[in-house]
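Thanks, everyone. I'll take a few minutes on one model, and please hold comments until I'm through.

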Amino acid sequence: MGIFSRHNRRPSFLPRYVVFFAFLFLALILFFEVDNLVSQTKTIVGHNLEPTPWHIFPAKSFDDESTYSKASTIIQCSYLTCSSSSHVVDIPRSTKPQSKSHKCPDFFKSIRYDLEPWAKSRISINHVMEAQKNAAFRVVIVGGKLFVDFYYACVQSRAMFTIWGILQLLRKYPGKVPDVDLMFDCMDKPIINRTEHSSMPVPLFRYCTTPNHYDIPFPDWSFWGCGTISQSEINIRPWNEEFKSIKEGSNSKSWTSKIPVAYWKGNPDVVSPIRLELLNCNDTKMWRAQIMRQNWTEEAKVGFEKSKLSKQCNHRYKIYAEGYAWSVSLKYILSCGSLPLIITPQYQDFFSRGLIPKKNYWPLPPFDLCPSIKQAVDWGNANPLEAEAIGKAGQDFMESLSIDRIYDYMYHLISEYAKLQDFVPVPPSSALELCIDTVLCFADDQQKRFLKKSLVFPSNESPCSLPI
């Protein structure tokens, strides 16, 4: 019986204070680990990211979020969205037979020109890492999945809508987009000068380029809506919807009933000598031009009602003037059906190289600007049928650039780039997998509205065939 005596029994439970301190210790470890995870996770909307050193802009503030709310959002959206059970991503493929591919527009030939610098040297991992010095984020596609490594913040929602576009490409052509590893900068000006980098061309994707730069142009974020102009978000809808609205607005008035002067409305305060010079032409009697300064702060107060693109096609002539670099406004000006007066641009986006002077637009020299505008308007008013035909040809060009053709351009650009890689793409450990649900998780209500409108489905059509 001695072995069962009360003096030989051991306690069947730990003292409460030991359990309490153990629980507190584990809670502290968990808290610090979560806090560490949250403070190091860089997101598509700019958490833990600073603006690019080469284009400084006000950093996005998340001070209005509580610590708990911020941590919850980052963890949920960054790590818990891309599951195989995602209701948004898993859509059954159509059983319809695939239709025959058709030829891409001729300007797709620019893809080969843009990638020609690496035709002999090919693209090594060293090329990619050198491009990182001027990149905002890294895009790695492996097995149809998208991984992104963020380095710097992009102004407003450029990163979100650009990455959304890439995700839609993967969704439209499932299993067709090759594995790839590329660097992307989301700011305006090309910076890989051909002379300075002639010994080692650096492949860096962005929204525009020049003949003097190696930067590789890619469709800009505003094709998927909620465009950004002069640091302000405005209500621009996805491309197919916005083009249709602009064309309908333009067709509401006949050519003869439109105001017979040249029109420009925008922000001249973007380090643009051309736009500042344009302000001097604001005289409809002397120069046949109406030049309007855009005040985005005031426009925001009235919901950008006066800035609707569909309501800006009331003039026979519309002027395109570059800003800090190329401007997203080019496609909307061409879409109007007015005669586009394009002041000789320094920068090129992916499609503008397909435009033909005096067929799709009327070229204006950057010198003697006001007399050149007057001369163009006087010619157009004296030759209304020819002027209207050029405006219509510019509009037709943009109508042919449907969102399907934009995805085809993205597909061929990435595919041709991937062929030049001499290494196997592997997502870096610091990259996060992003999927459609990730982007929707981080998006605010207005962004979600635009994003969902531009959602695509797996296509029965093959991409257009690249012209030789």
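First, the ground rules. This is a predicted model, where local features need pLDDT of at least 70 and side-chain atom pairs count only at pLDDT 80 or more, while totals for chains, interfaces and linings use all residues. Residues are numbered from 1 along each chain as its sequence is written, and side-chain values use heavy atoms, with hydrogens and water left out.

Cavities. On a 1 Å grid over the protein atoms alone, a cavity is a set of points where a 1.4 Å probe fits but cannot get out, and lining residues have an atom within 4 Å of a point. Points are joined across faces, edges and corners, and volume is the space filled by probe spheres set on them. There are two cavities of 30 Å³ or more.

Among the residues lining it are K42, S78, F150 and F442. Strand β13 (432–434) and helix α13 (436–442) each give two or more residues to this lining; helices (H or I, at least four residues) and strands (E, at least two) are DSSP runs, numbered from the N terminus.

Next, the cores. A nonpolar core is a set of buried Ala, Val, Leu, Ile, Met, Phe, Trp, Tyr and Cys residues joined through side-chain atoms within 4.5 Å, and buried means under 20% relative accessible area with a 1.4 Å probe, protein chains only. Which residues have the most contacts inside the largest core? They are F137 and F351, in a core of 103 residues. Helix α12 (residues 403–420) gives the largest share, 11 residues. A second, separate core has 22 residues, including C370 and I390.

Finally, strand β1 (residues 137–142), where five of six residues are buried. Strands pair if DSSP finds at least two bridges between them. Strand β1 runs antiparallel to β2 (residues 145–150), with six bridges, and V140 is partnered with F147. In that hairpin, G143 takes a positive phi near 60°. Strand β1 is also antiparallel to β3 (residues 180–184), with five bridges, and there R138 stands opposite M183.

Technical notes:
On a 1 Å grid over the protein atoms alone, a cavity is a set of points where a 1.4 Å probe fits but cannot get out, and a pocket is an open set with protein on both sides within 12 Å along at least five of seven lines; lining residues have an atom within 4 Å of a point. Buried means under 20% relative accessible area, exposed over 50%, partly exposed in between (1.4 Å probe, protein chains only).
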